[in-house]
Amino acid sequence: MQFSVDVIKRGALIGLFPKVLAPFVVRFMTSVPGSVRGCMDHLGPIIETRRKHLEEYGEDWADKPNDFLSWLMDTPEGSKSSIKDLTLRILFVTFAAIHTSSNFQSFTQALYDLAANPQYIQPLREEVDSIIKVCGWSKGALAKMHKIDSFLRESQRTEGMACVAILRKAMQNFTFSDGTVVPKGTFITVASQATYLDNEVYDNAEMFDPFRFANKRDADRDGAKHSLVSISLEYFAFGQGIHACPGRFFAATELKLMLAHVVSSYDVKLEDGATRPRGLHNGIHIATHPSARVLFRKRAH
């Protein structure tokens, strides 16, 4: 877990120095190499044991672990990889899986919206209770929670994590069809917040309407395009095109599970007299308010 945090922090630190100094900065100002060595010490014996089992029994043996290390070592390339190579691959995936600050921020924004609008707890709770009664706590149950899904998407729309999205760097000169030239090395991005708050794109764009997308799903034969994980030219939270976030389905499952648990288990509200905590803007980024208080009370059944 600490490795995932260190990668982000140290990466930002290294970026403050000229590229020519990067190798020296890495050596003296990052704990990542030490984390890799520590992980190799931990995984080394496990990898060696799995290698022996692979050599003796092939790809299948009794009680074979069904985990990422096994998946890696089952491939011809992975079975011959060094301990360091396998460790780095595992750490890379661990980084993607654990460093989910975006998820925490998205959920905190949704929690603030819920606490500021407690009138929406009951309809959300009714949806969750009715589905869980039939399907239990499962991925299939979460897929049926359209109001929960819509609440999260609307929260992301009105108070996301940045005022722009899909940051890209031109790797060569590029000319658009209208003649606009983007020189090599130029950074370009999409004005996502301006799009989200545009009344020509969203009706009453300034208003928080938690069931906006659930209603669209009910009215549209292709309702899935209004789900949290769906991407479009009006919604950029997970990117666009072939480079859209491949982990968005897992992220959405986490977010929906947390929100469903909260509304089914607790009553929440802001402190008396408090208003919805707004995000803190720093350049293009929007951070959730760090010190706002949300009051929880166990739900009375």
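## Overall layout

What you have here is a predicted model. The chain splits into domain 1, residues 1-98, and domain 2, residues 101-298.

## Cys245

Cysteine 245 is worth a look because the UniProt record, an unreviewed entry, puts a "binding site" annotation on Cys245. You'll find cysteine 245 in the loop that links helix 12 (212-219) to helix 13 (248-265).

Is this cysteine 245 buried, exposed or partly exposed? Its relative accessible area is 30%, so cysteine 245 counts as partly exposed.

## Gly279

Glycine 279 also sits in a loop, this one running between strand 5 (266-270) and strand 6 (280-282).

Aspartate 60 is another matter: its C-alpha atom is 51 Å from that of glycine 279, and the two residues are 219 apart along the chain.

## A nonpolar patch

Now for the surface. Leu16, Phe17, Val20, Leu21, Phe24, Phe28 and Met29 make up a nonpolar patch of about 760 Å².

One of these residues, methionine 29, belongs to helix 2, which covers residues 22-29. Its relative accessibility is 33%, so methionine 29 is classed as partly exposed.

Technical notes:
Residues numbered from 1 in each chain as written. Predicted model: local features only at pLDDT ≥ 70, side-chain atom pairs only at ≥ 80, totals over all residues. Heavy atoms only, no water. Helix = DSSP H or I, 4+ residues; strand = E, 2+ residues; numbered from the N terminus. Buried < 20%, exposed > 50% of the residue type's maximum accessible area, 1.4 Å probe, protein only. Domains from an automatic or database assignment. Patch = residues over 30% accessible without salt bridge, like charges linked within 9 Å, V, L, I, M, F, W, Y side chains within 5 Å. Areas by Shrake-Rupley, 256 points an atom, 1.4 Å probe, with all protein chains shown as cover. Salt bridge = Lys/Arg side-chain N within 4 Å of Asp/Glu carboxyl O.
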